[in-house]
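Please read them alongside the coordinates.

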Amino acid sequence: MKSFRTLIGFAALLLAVSLACGGSTQPTANPTLPTNPPVEVQPPQPTEEVQQPTNGIVTFVDQNNLLGFDLPGDWTYEHTDHGNSIYSDTQAYTDTFTSPDESAKIESLVMFADAGVTVNNSTSQAVALDILNTYYSSTGTNNGDIRISSDQIMQDGSERFEWTSRGGNYSGVSFFEVRGDDKRTWLMWTAWWSNGADQSVLDIIDNAIATYYIP
């Protein structure tokens, strides 16, 4: 963890460097066959684990009613309060869901910037790249492992990255956005999977994306 970093202090430089390293690549095809286990590089370790019901579809709603989506009840749920350990001028938490075979995860990251700190669109994109390069790359550094294959602005104003890890044999999709009139709330919703994850797991991820809503 890099608790000395501020949310906006590095944003402009990081954005220029990350886009240069990440480049534009051709999208990778969705995996259809099971193969390797999930990646070893993980976001910060959870502090709380709750076992979801094992049958049927459940709807997760964020503790601050910022988002909700559907997924099977047998996906393991973990909540982590990061405090200001991701950026020193924010408070953050994640909600993480892991598939039973551990080939995929869905993670919601929420950050609240301190008073006087606002997040514009450029900072939002730079922070998303920093989170991917720091916590989702196979190396944990901004060395080009994470390759952005698609960058889209969605109808609801959020931005979507489709990405893959060059060295980790896994891929993902991340949606991120700024919320609130004061532009101090930042969300990043990420689904990532082994490149050999079963098609049924990918279908669950697709359904989670399709059912995502703001309560």
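1. β2 and β3 pair in the antiparallel sense, with five bridges; strands are DSSP runs of E of at least two residues, helices runs of H or I of at least four, numbered from the N terminus, and two strands pair if DSSP finds at least two bridges between them. V61 is placed opposite G68 in β3. The hairpin of β2 and β3 has six residues between the strands, and N65 there takes a positive phi near 55 degrees.

2. This is a predicted model, in which local features need pLDDT of at least 70 and side-chain atom pairs count only at pLDDT 80 or more, while totals for chains, interfaces and linings use all residues. Residues are numbered from 1 along each chain as its sequence is written, and side-chain values use heavy atoms, leaving out hydrogens and water.

3. Mean pLDDT for the chain (the predictor's confidence in each residue, from 0 to 100) is 81, and 74% of the residues reach 70 or more. Over residues 10–53 pLDDT stays under 50; the model has 97 contacts beyond four places in sequence for this stretch, a contact being heavy atoms within 4.5 Å.

4. In a regular strand the side chains alternate between the two faces of the sheet. Buried means under 20% relative accessible area, exposed over 50%, and partly exposed in between (1.4 Å probe, protein chains only).

5. Aromatic pairs (Phe, Tyr and Trp rings, the six-membered one for Trp, with centres within 6.5 Å; planes under 30 degrees apart are stacked, over 60 edge-to-face, the rest tilted) number 15. Y93 and F112 form a tilted pair, because their ring centres are 6.2 Å apart and their planes at 40 degrees. Y93 lies in β5 and F112 in β6, so the pair ties together parts 19 residues apart in sequence.

6. S103 sits in the loop between β5 (90–98) and β6 (104–113). S103 counts as buried because its relative accessibility is 6%.
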